Amino acid sequence: MQKFILRRLLAVIPILIGITLVTFLLMNVIPGSPLALMIDPKAGELDPMAAKLIQAKWGLDQPLHIQYLRFLKNALHGDLGYSYRFNQDVTKIVLQRLPATGRLAVAALTVSVTVGILAGVVAAVKHQTWVDSAAMAVALIGVSMPVFWSGLMLMYILAVKLRWLPPSGYGDGAFRYLLMPAVTLGFSMAGVIARLTRSSMLNVIRMEYVTTARSKGVSERGVIYRHAFRNAMIPVVTLVGVQTGALLSGAVVTETVFSWPGVGRLLIDSIMFRDLPVVQGSVILIALIFLTVNLAVDIVYAYLDPRIRY
Amino acid sequence: MTLHEESPSVAVNAEETEKTAKDRWAQTWRRFSKNKGAVIGAAVALSMVLVAILAPVLSPHDPVKSTLSDSLTPPSRQFLMGTDQLGRDILTRIIYGSRISLTVGLVVQGISITIGTTVGLLSGYLGGRVDDVLSGVINIVYAFPSLLFAIAVLAVLGPGMYNVFIALGLVGWATVARLVRGEVLSLKEREFVEAARALGGNNWRIVVRHILPNCFGPIIVVGTLGVANAILSEATLSFLGLGTRPPTPSWGSMLSQGREFVWSAPWMTIFPGLAIFVTILGLNMLGDGLRDVLDPRLRQ
């Protein structure tokens, strides 16, 4: 088991290097010098002497691979650069926004896992009845509905028309404000989970050990929950890990729709202001969360299914 | 099961091969036409193509010209889906928007399939070092949340439709490559490939004539679902202000504008969103249906 964890940890390293390298190259090569971005073009040309001094100060006169290595070294020390827009360390700005995104993600995940697994199990148990078709139709709708549209529709119905919930904002963390964003984001993922849970349950129900359990007189409820459900959950756990990517991307959109002050909205705002250090920092942080969650899921998976520890 | 699996068997003559191939097509077609979801999905996809082609004929108004005196008109007989803040007809803009969505879906998926199939074939068939390197790259690209990557690329390149092609194409291929690699790994051990090799076929011939055609089924399924995904991604990026630029009518940017008028002009968000939703739903149904029809593992 330790060997497995170690191997998975080592496998993360090239991915991390790949992600930071690509992000770094994107931010530093294509748009011309980062220096040009710091200066408002309307203010006129920068004095060449001053430009040289500033470049030397930020190390922008060094070759690119040296710049990348230094960036990597700084990043390992928790230093992701400096935001010219906020006049603050990027790490600080991004970490400030993290709790809001975390709350939204956890709430949405709770919604999607509860609704998705429940719908999937019910659909499988009532296989080929109208309940099954209805659950799968709703799941397909969930998969196909763009997050930003369902969010705006919820906002229109619940906030504008019925006035039950506040339309947007964080509201100092009040639960009423969390409800709509969490349901919007959660529902978009519930569909995928429901579909996989259903097909996984249907697979497991056909297995011999389920037949054995039935034939030795275990109640139907016991068969479903003790024997089928637990085994059917194995692929679903992996899916939830893979879905973290969709969850985080979805969070970017949901935060924009509901003016939720998380990392996602920070990312989009920073793009609009061309604050590339913050863009870079947010992308790397989000990628890091994604990798960590996937690693955790892989380890949980190995515990759940001993066959995986080859 | 396809034609190629049986081609090496000695007794088969060309005429019979042709006949079984025709039978298979007929059989696939029968299965397809019995699959309700696939047929509905195909109908939606086909109507979208027609709407995109016939946009100038179908549209009641001009998609770009603003008539301020008509701004924010609710749905009426003149403007079936209302107008936006510049007095442009929403229905017309949705009709023209289908061109953007369709173009993005097809171009991005074209790029993804071309790169993905090539990389997947090379990686799976050659194996060894080549596979180590290529599958490493595939896994890194696959591991990264694709929309996030597209956002990062567009942050640098700036908004615009061509940049959307690049951003989405750069990430979309990994899904295809993974799938093709997996297919090739199992196909190349099969008897018909061995037979082709024994008969003196070179690598190129084996890959192009025997392995690639057997990957078409899964590629079509993933490609269809990929078109849906690309359309959704473009709409999302445009909604975030990173995709197609105004005044080009894209469904995502229409929603982004409508967002500011949810209180006073909800039709600006309801209808473009509905267009995205129906399109994605249709393509997903088609993709799911095609999987049932084409995936040999699901066949009884």
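## Briefing on a predicted two-chain helical model

Chain B is built from twelve helices and has zero strands, and its elements accordingly read α-α-α-α-α-α-α-α-α-α-α-α along the sequence. The model is a predicted one. Chain A, for its part, comes to twelve helices and two strands, and from the N terminus on its elements run α-α-α-α-β-β-α-α-α-α-α-α-α-α.

**Dimensions and burial**

- Taken along the principal axes, the C-alpha atoms of chain B fill a box of roughly 75 × 45 × 30 Å, while those of chain A fill one of roughly 85 × 55 × 30 Å.
- In chain B, 51% of the 300 residues are buried; in chain A, 46% of the 310 residues count as buried.
- The accessible surface of chain B comes to about 14300 Å², with 63% of that area belonging to carbon and sulfur atoms, whereas chain A exposes about 15800 Å², of which carbon and sulfur atoms supply 65%.

**Contacts along the sequence**

- When contacts in chain B between residues at least 6 apart in sequence are considered, 70% of them join residues at least 24 apart.
- For chain A, residues 24 or more positions apart account for 72% of the contacts with a separation of 6 or more.

**Charged side chains**

- Chain B carries 25 positive and 21 negative side chains, and the centres of these two sets lie 2 Å apart.
- Chain A carries 28 positive and 15 negative side chains, and here the centres of the two sets lie 11 Å apart.

**Nonpolar cores**

- The largest nonpolar core has 101 residues, and those with the most contacts inside it are Leu267(A), Ile151(B) and Leu237(B).
- Helix 12 of chain B, which spans residues 267-294, gives this core its largest share, namely 13 residues.
- Another core, of 18 residues, lies apart from the largest one, and among its members are Ile117(A), Ile193(A), Val210(A) and Ile224(A).
- Leaving aside neighbours within four places in sequence, Leu267(A) is in contact with Val252(A), Val279(A), Ser282(A), Val283(A) and Ile286(A), and also with Leu148(B) and Ile151(B) of the other chain.

**Thr269(B), a buried residue**

- Thr269(B) has its place in helix 12 of chain B, and the residue counts as buried because its relative accessible area is 1%, where the cut-off is under 20%.
- A polar atom of the side chain of Thr269(B) lies 2.9 Å from the backbone oxygen of Pro266(B).
- Apart from neighbours within four places in sequence, Thr269(B) is in contact with Trp149(A), Leu152(A) and Met153(A) in chain A, as well as with Leu255(B), Gly258(B), Arg259(B) and Val262(B) in chain B.

- From C-alpha to C-alpha, Leu50(B) and Ile166(B) are 26 Å apart in space, and the two are 116 residues apart in sequence.

Terms used
Residues are numbered from 1 along each chain as its sequence is written. Chains are lettered from A and ligands numbered from 1 in the order in which they are written. This is a predicted model: local features need pLDDT of at least 70, side-chain atom pairs count only at pLDDT 80 or more; totals for chains, interfaces and linings use all residues. Side-chain values use heavy atoms; hydrogens and water are left out. Helices (H or I, at least four residues) and strands (E, at least two) are DSSP runs, numbered from the N terminus. Buried means under 20% relative accessible area, exposed over 50%, partly exposed in between (1.4 Å probe, protein chains only). Contact means heavy atoms within 4.5 Å. Accessible areas come from the Shrake-Rupley method with a 1.4 Å probe; for residues, only the protein chains shown count as cover. Lys and Arg count as positive and Asp and Glu as negative; His and the chain ends are not counted. The place of a charge is taken as NZ of Lys, CZ of Arg, CG of Asp or CD of Glu. A nonpolar core is a set of buried Ala, Val, Leu, Ile, Met, Phe, Trp, Tyr and Cys residues joined through side-chain atoms within 4.5 Å. A polar contact is a pair of N or O atoms within 3.5 Å; within protein, one must be able to donate a hydrogen and the other to accept it, and residues adjacent in sequence count only if both atoms are side-chain atoms.
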